Amino acid sequence: MSTERAREGLYSRVQQFHAEQMQALDSGRFEEYAETFTEDGEFRHSPGRPPARTRAGIAKELTAFHQERFAGEAVQRRHWFNMLNVQEQADGTVHATFYVLALLTRPGERVPEIAPSCLVRDVLVEEDGRLLTRSRRVEHDHVPEA
Amino acid sequence: MSTERAREGLYSRVQQFHAEQMQALDSGRFEEYAETFTEDGEFRHSPGRPPARTRAGIAKELTAFHQERFAGEAVQRRHWFNMLNVQEQADGTVHATFYVLALLTRPGERVPEIAPSCLVRDVLVEEDGRLLTRSRRVEHDHVPEA
Amino acid sequence: MSTERAREGLYSRVQQFHAEQMQALDSGRFEEYAETFTEDGEFRHSPGRPPARTRAGIAKELTAFHQERFAGEAVQRRHWFNMLNVQEQADGTVHATFYVLALLTRPGERVPEIAPSCLVRDVLVEEDGRLLTRSRRVEHDHVPEA
């Protein structure tokens, strides 16, 4: 490839960041997913569940959540993002607001379950030239906000 | 964030434009959605229904359409776009052709309805450094073209 | 549009490439789809089926596959991509790993079939300033890898 390639803009960088982050999660690499948060990161993945905090706390919460929900099942989850709205803030953070669908495929079942539909709000920061999630809050469309 | 960031290319700008535009629509902010069209914009959102014209006409049509279809229901709609094909034209307009799925979530129902599958053709223009939709035509995959 | 527009970065170029490529496939333009591969390209679209090789071989395989699966049916297929992870390699190739859903709409049926959920691995190369697929391998989430 040409070395004179245009540098990526912020929008594409957020898309690439999300792709790597969620491929890690969907592959069950929870430590790697947690590393995409800041050390003091906060992750509120389900309404009614308290947010997980810090990288260690996020990795632990995901391990517990998957054990609880999918114990012993060889399921393949896939998270899909869409309609990514990226807004740079005056304080240097980046707000990303986007739609998410969670897909679940079971072995031998060709048709995946597609649910729920969500709205997710990320606060992203740049550290040493690398994007990280400082906080992520997931709202489920079928659950009225408190 | 770095101030030396690469400027966004057209492709990312169209994605950002669509995200803001459709988050406005899905939040029921019909006036704001209509403002993403040119003053003389045209929006043909359903086969067999005449196109809405002008910002005022588009906002009015959406209000009527939602009243007719979802009156009294606290539904959450989400429009998903994919496979965005952006083609600059010699006349300075931008043609964007892409896939769309309309999702509908009802309160308490975890699984959204996902239908119909559509092909959408946008003609975009730039006014004062801002993208606007001059025309949008929606084709439904299950409805044969006339 | 402004002529001073920022050049697109690689990430957006891969998205645009995929959009054109898959709109060709979903429109049944199999020769055009095959032209998006290198002359010696390889396409393994289904587990348990040998890969198609060369542009002529890929076009032929697609014609046979569609005849076999959808003979006489006026279906509209749509391939959706998501979570695109683009990694430049030291050898100058580009590895793209992403999620795919295959949608199928039948005339008069508003709700599309959405299946299966896949992971796709592309090896892309640049020839004369144009991206091409050297190899594409599709894994189905419901089919355990051999």
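Analyst: **Helix contacts and what surrounds them**

Helix α1 (residues 10-26) of chain B packs against helix α1 (residues 10-26) of chain C at an angle of about 75°, and their axes are 9 Å apart. That angle makes α1(B) roughly perpendicular to α1(C). On the wording: angles under 35 degrees count as roughly parallel, over 145 as roughly antiparallel, 65 to 115 as roughly perpendicular, and the rest as oblique. The axes are lines fitted to C-alpha atoms, for helices over the stretch in contact, and angles run from 0 to 180 degrees between N-to-C directions. Helices (H or I, at least four residues) and strands (E, at least two) are DSSP runs, numbered from the N terminus.

Before going on, some housekeeping. This is a predicted model, where local features need pLDDT of at least 70 and side-chain atom pairs count only at pLDDT 80 or more, while totals for chains, interfaces and linings use all residues. Residues are numbered from 1 along each chain as its sequence is written, chains are lettered from A and ligands numbered from 1 in the order in which they are written, and side-chain values use heavy atoms, with hydrogens and water left out.

Back to the helices. From α1(B), B:Y11, B:S12 and B:Q15 meet C:S12, C:Q15 and C:Q16 of α1(C), where contact means heavy atoms within 4.5 Å. By type, the residues of this contact divide into 1 nonpolar, 5 polar and no charged. Here Ala, Val, Leu, Ile, Met, Phe, Trp, Tyr, Cys and Pro count as nonpolar, Asp, Glu, Lys and Arg as charged, and the others, Gly among them, as polar.

Chain A has a contact with α1(C) too. The axes of helix α1 (residues 10-26) of chain A and α1(C) come within 9 Å and cross at roughly 75°, which makes α1(A) roughly perpendicular to α1(C). A:S12, A:Q15 and A:Q16 of α1(A) make this contact with C:Y11, C:S12 and C:Q15 of α1(C). Its residues divide into 1 nonpolar, 5 polar and no charged.

B:T133 lies in strand β6 (residues 130-140) of chain B. With a relative accessible area of 0%, B:T133 is buried; that label means under 20% relative accessible area, exposed means over 50%, and partly exposed is in between (1.4 Å probe, protein chains only). Leaving out residues up to four places away in sequence, B:T133 touches B:F17, B:Q21, B:T36, B:F37, B:T38, B:G41, B:D122, B:V123 and B:L124.

Next, helix α3 (residues 55-70) of chain B. At 1.5 Å a residue, its 16 residues should span 22 Å, and its end C-alpha atoms are 22 Å apart, which agrees. The expected span is 1.5 Å times one less than the number of residues. Its buried residues are B:R55, B:I58, B:A59, B:E61, B:L62, B:F65, B:H66 and B:F70. They cover an arc of only 160° around the axis, which puts them on the same side of α3(B); the arc is that of the directions from the helix axis to the C-beta atoms. On the other side of α3(B), you'll find B:A56, B:K60, B:Q67 and B:E68 exposed. After α3(B) comes B:G72, with a positive phi near 80°.

C:T54 counts as partly exposed, at 33% relative accessibility.

Finally, the prolines. A:P112 is in the loop between β4 (94-105) and β5 (113-127) of chain A, and at 7% relative accessibility it counts as buried. Not counting residues up to four places away in sequence, A:P112 touches A:L103, A:L104 and A:T105, along with C:L101, C:I114, C:A115 and C:S117. A cis peptide bond joins A:A115 and A:P116, with omega about -5°, and A:P116 is in strand β5 of chain A. Over in chain C, C:A115 and C:P116 are joined by a cis peptide bond, omega about -5°, and C:P116 is in strand β5 (residues 113-127) of that chain.
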